[in-house]
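Here are some exercises to work through with the model open in your viewer. Try each task before you read its solution.

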Amino acid sequence: QGRLRLVASPDGADGSVRIHSDTRLYASLLAKGERAELPLSAGRHAWVHVARGAVDLQGKRLVAGDGAALSQEDVVRLEGVT
């Protein structure tokens, strides 16, 4: 709750499930007003999918079922809306 938790990664870091992909998968539950950020290394991309509720992503509103791709960003910024 209130933070991004690593759930899958190529090296099983932080107790995450080990996967055979150059991917790090995070999950979070954000209450209204809670914020979470994830720094992105140069050349990395991000995909955000909202399973339920709503979030602001880089100042844009996403609701349940929405997804968004990010490229050429230094950080992913999320804020819970509902």
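**Exercise 1.** Find the order of the strands in the open sheet.

Solution. The open sheet has 4 strands, ordered β4-β9-β6-β7, with antiparallel pairing. Strands are DSSP E runs of at least two residues, numbered from the N terminus, and two of them pair if DSSP finds at least two bridges between them. Next, look at the edges: β4 and β7 (60–63) each have a single partner strand, so one side of each lacks a neighbour in the sheet. From one strand to the next, the twist averages 25°, taken between N-to-C axes fitted to C-alpha atoms, on a scale from 0 to 180 degrees.

This is a predicted model, where local features need pLDDT of at least 70 and side-chain atom pairs count only at pLDDT 80 or more, while totals for chains, interfaces and linings use all residues. Residues are numbered from 1 along each chain as its sequence is written, and side-chain values use heavy atoms, leaving out hydrogens and water.

**Exercise 2.** Which residue in β9 is the bridge partner of L57?

Solution. Start with the strands: β6 and β9 run antiparallel and are joined by 3 bridges. Within β9, L78 is the bridge partner of L57. Now list the contacts of L78 (heavy atoms within 4.5 Å): setting aside residues up to four places away in sequence, L78 touches residues including L4, L30, V48, V55 and L57.
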